[in-house]
Amino acid sequence: MRITDLMIKETMIMDLQATTKDEAIEELIASLEASGRINDRALFKEMIYKREAESSTGIGGGIAMPHAKTKAVNEATVVFAKSSKGVEFESLDGEPAKVFFMIAAPEGAANTHLRTLAALSRLLIDTDFIDKLMNTQTPDEVSELFDTKQAEEEAAKKAKEAKKEAAEAQKTPDVIVGNPNSDEFVVAVTACPTGIAHTFMAEDALIKKATEMGVNIRVETNGSEGAQNVLTADEIRRAKGVIVAADKKVEMARFDGKPVLQRPVSDGIRKSEELIRKALNGDAPIYHSEGKGSADESKAEKSSVGSKIYKDLMNGISHMLPFVVGGGILLAISFLIEQVAGEDNALFQLLQTIGGGTGAFHFLIPILAGFIAMSIGDRPALMPGMVGGLMAVNSNAGFLGGLAAGFMAGYVVIFLRKAFAGLPKTLDGLKPILLYPVFGLLISGAIMFYLFDPIFGGINTWLVNVLNNLGTGNAVILGLILGGMMSIDMGGPFNKAAYAFSIGVFTSSGNTNGAMMAAVMAGGMVPPLAIALASTFFKNKFTEQERKSGLTNYVLGLSFITEGAIPFAAADPLRVLTSCIVGSAIAGGLTQFWQINLPAPHGGIFVAALANHALLFLLAVVIGSVISALILGLWKKPLEAK
């Protein structure tokens, strides 16, 4: 497939009018929408900004490649645009972007499309080619330039494949730049979250720079099609150093004992020479997959204790959430059926079994504990962590006991690795299959049984009793805090902390205390609903595209999907976040003032009927949303005054 099959002329913008990053994204999306290549502008825009939040797609050198892979795309498309003045795009080199490629990939993009997009990414490393693009005047010239360049690249690829076949005949490693027998040899892995553009640009940048430096390199890519050119054990052994230019998790255990540079994928593109030199010189921390530790670790870039705890906690929560959502919604449906048909109804019993105490909800705390432990101590810690979490459930230590079990099991495995480090090498094979599982489970289980279960069981019982007996004033304050936290970062650490707390109370009380759940659900529904209301009733403050996106937020808000407000918050953080926090806090506080109990952990308006005061719950959401919408609408400047 040719690149120009995706980069259709009808979508090209030869004179981009935008002067800001947000305007550029809007203009590029408008071109996609006008050509019918996307079916949900709001969702596509949300996914574009979600990718931008991970790291700017302004890769430097005057190039920006905003991209998203989502069901909002009808057909894989690349929108080409160029700006004569340049746009401040938060580029990695601080320079304005002048050439733009907005990549829209459908959720089930074919391998042919993904390979074509990867080929496009590789072309953009060539600065001469970018200069020629800037000098084009018509879409026809752009298409002709890409077709010519791609033909040249394909001819070069065929020559490389012929060389590869010759190398295979001589039993020498393939896709290694330079002389594979030279001592000047490094290996690298590149990966970005979407695996469409940056992954392959980093690969090409590293290979190109290694060729200039006379260094042999082997690069593995972790793109949308999975890992390609996978590094062999022999190549890793022979390499002087390893470069991991990645913004997502890659397989690291194979690099045990090697100097490993772990950097963002953008460094692979823009700092390729620095990375190669450091890898060659061994100027990198020695990686230990089992956490053995060494003096070389002093070179590693240490993260703060708080960020490490947060990372481990989020690993547990992110794996737990599918059980919360899936089990919670099925439980909510079962409660609705119970109200209509009674508890003897077969469908009610089925959904209760699947979603409730013996189904999805039974796994919440074990999964949480297991994946916290795994984040700390790798795979050997998963089993003792999960068992510790299950013991917490069975002993009434609950959510708090599960948290403690996860962290404890992770560090028990790290302790065991250090304790067994002096054993003969011949016993290394027994460690992961015998020593770590047996001693990890024994020590973690004993600590849970004799220490954590009694302590956290008592704390948990006390906490539930306190919450059940809170005075109205204190309950309202707690509701205000939890509701407001849901809007601070809309899916980030504060949002997740509030939600995790309410889930802990919910599960610890046997799903009967849904007061905190009512507060966080009301608080989480407010931001998208407030955006929808503001864009509907203050039309002169929003662009046409924003008003269309606002309509989508009615559905997202009613469904308790707070993330629908993220694109608006990214574009105008001060006004949007402030107004949403105020409204969410009020909604959360009102649920406690009216003593609302919602025995369902997810679902929004679709589970509102389960609340003991369903109409008051909806009223709390409406009041919070209207207040936020009014603050935002009155505070935001009219478009003409911008």
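The buried residues of helix α22 are Val576, Ser579, Cys580, Gly583, Ser584, Ala585, Ala587, Gly588, Gly589, Leu590, Thr591 and Gln592. Buried means under 20% relative accessible area, exposed over 50% and partly exposed in between, with a 1.4 Å probe and protein chains only. The model is predicted: local features need pLDDT of at least 70, side-chain atom pairs count only at pLDDT 80 or more, and totals for chains, interfaces and linings use all residues. Residues are numbered from 1 along each chain as its sequence is written, and side-chain values use heavy atoms, with hydrogens and water left out.

Helix α22 covers residues 573-593, 21 residues in total. From first C-alpha to last it reaches 30 Å, close to the 30 Å expected at 1.5 Å a residue. The expected span is 1.5 Å times one less than the number of residues. Just after α22, Gln595 takes a positive phi of about 55°.

Gly355 belongs to another part of the chain, helix α12 (residues 346-355). Gly355 is buried, with a relative accessible area of 0%. Its C-alpha lies 4.0 Å from that of Gly327, 28 residues apart along the chain. Beyond neighbours within four places in sequence, Gly355 is in contact (heavy atoms within 4.5 Å) with Gly327, Leu330, Leu331, Ala360 and Phe361.

The protein chain as a whole has 23 helices and ten strands. These are DSSP runs numbered from the N terminus: helices are H or I, at least four residues, and strands are E, at least two. Of its 642 residues, 51% count as buried. Among contacts between residues at least 6 apart in sequence, 72% join residues at least 24 apart. The chain exposes about 27,600 Å² (Shrake-Rupley method, 1.4 Å probe). Carbon and sulfur atoms supply 60% of that area.
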